[in-house]
Amino acid sequence: MTVLVRRAAAEFIGTAFLVMAVVGSGVMASRLSPDDVGLQLLQNSLATGAALVALIVALQPVSASFNPVVTLVERALGMVDTPTAAGLVAGQVLGGLAGTVAANLMFGLDAVTWSTHQRTGAPLWLGEVIATVGLLLVIFGTVRSGRADRVAFAVGGYITAAYWFTSSTSFANPAVTIARTVTDTFAGIAPSSAPAFILAQILGGAAGFVLVRFLYPSLTAASTAPAADRKVLS
């Protein structure tokens, strides 16, 4: 089995479980606390943050981005090559969709149901830009400071908080956004709302890339890129 296949598989599995955590905890929260949206969001954010920590810790030795924007920034920084980036992004998108289907089935729902949850407007799009910029700063700042072993906790903590301080509840991930279009549950997003969210995430990725290069000018492929068997976030 090639290194790329293993890494793409890790991205598929990790993104699938991440989306299962997002969607599944949303369904559970809405059933346990049907009359309290704030409590639902709390339950959803805690489950997502905890799952992120566990998944990154487990899969970081192989590949643990779970996010096309992160992978594209890694490509822009020279940390991965183009075929690798393409393989990882494919694994992330397909894994996210598989995770949604699994979550729907676990809770007795149809495998695929298009979401009717409209999420649109400039404030939400701005929230996605900010959420994505912050995520990239947390990831690459932690790695650049030589504390790659703490990325899982930094990312889990940031996403848990960003659920609350961003207007969009911090999707910050195109693969997760696409996956959330096929569930008409608490975590869903209408297909018509997804393209603007993804564009905002890409813009946030571009801004995050510029900030990372500005704040950490010595960030190079040689100093931070994982070798096939190096245990850092990839």
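Contact here means heavy atoms within 4.5 Å.

**View 1. Val112 in the loop between H4 and H5 of the predicted model.** Leaving out residues up to four places away in sequence, Val112 touches Val101, Asn104 and Val182. Val112 counts as partly exposed, because its relative accessibility is 45% and the partly exposed class lies between the limits of 20% for buried and 50% for exposed. The C-alpha atom of Val112 is separated by 15 Å from that of Ala16, a residue 96 places away along the chain.

**View 2. A nonpolar surface patch made by Phe12, Ile13, Phe17 and Leu94.** The patch covers about 370 Å², and helix H1, which spans residues 3-32, gives the most to it, with three residues. Ile13, one of the patch members, has its place in helix H1 and is partly exposed, with a relative accessible area of 41%.

**View 3. The largest nonpolar core, with 41 residues.** Within this core, Phe66, Phe140 and Val155 touch the most other members. Two or more residues are given to the core by each of H1, helix H2 (37-59), helix H3 (68-76), helix H5 (122-144), helix H6 (151-165) and helix H7 (174-179), and among these H1 gives the most, with eight residues. In soluble globular proteins, nonpolar side chains tend to be buried together. When neighbours within four places in sequence are left aside, the contacts of Val155 are Leu52, Ile56, Leu135, Val138 and Ile139.

View 4. Phe66 is buried, with a relative accessible area of 1%.

**View 5. Gly204 in helix H8, residues 194-215.** Gly204 counts as buried, because its relative accessibility is 0% and buried means under 20%. Apart from neighbours within four places in sequence, Gly204 is in contact with Val129, Thr132, Val133 and Leu136. Between Gly204 and Arg150, which are 54 residues apart in sequence, the C-alpha to C-alpha distance is 23 Å.

**View 6. Leu77 in the loop between H3 and helix H4 (82-106).** With a relative accessible area of 8%, Leu77 is buried. Leu77 and Leu18 are 59 residues apart in sequence, and their C-alpha atoms are 25 Å apart in space.

**View 7. Residues 220-234, over which pLDDT stays under 50.** For this stretch the model has 38 contacts beyond four places in sequence, and these contacts should be read together with the pLDDT under 50. The protein as a whole averages a pLDDT of 93, and 93% of the residues score at least 70.

Key:
Residues numbered from 1 in each chain as written. Predicted model: local features only at pLDDT ≥ 70, side-chain atom pairs only at ≥ 80, totals over all residues. Heavy atoms only, no water. Patch = residues over 30% accessible without salt bridge, like charges linked within 9 Å, V, L, I, M, F, W, Y side chains within 5 Å. Areas by Shrake-Rupley, 256 points an atom, 1.4 Å probe, with all protein chains shown as cover. Salt bridge = Lys/Arg side-chain N within 4 Å of Asp/Glu carboxyl O. Helix = DSSP H or I, 4+ residues; strand = E, 2+ residues; numbered from the N terminus. Buried < 20%, exposed > 50% of the residue type's maximum accessible area, 1.4 Å probe, protein only. Core = buried A, V, L, I, M, F, W, Y, C linked by side-chain atoms within 4.5 Å. pLDDT = per-residue confidence, 0-100.
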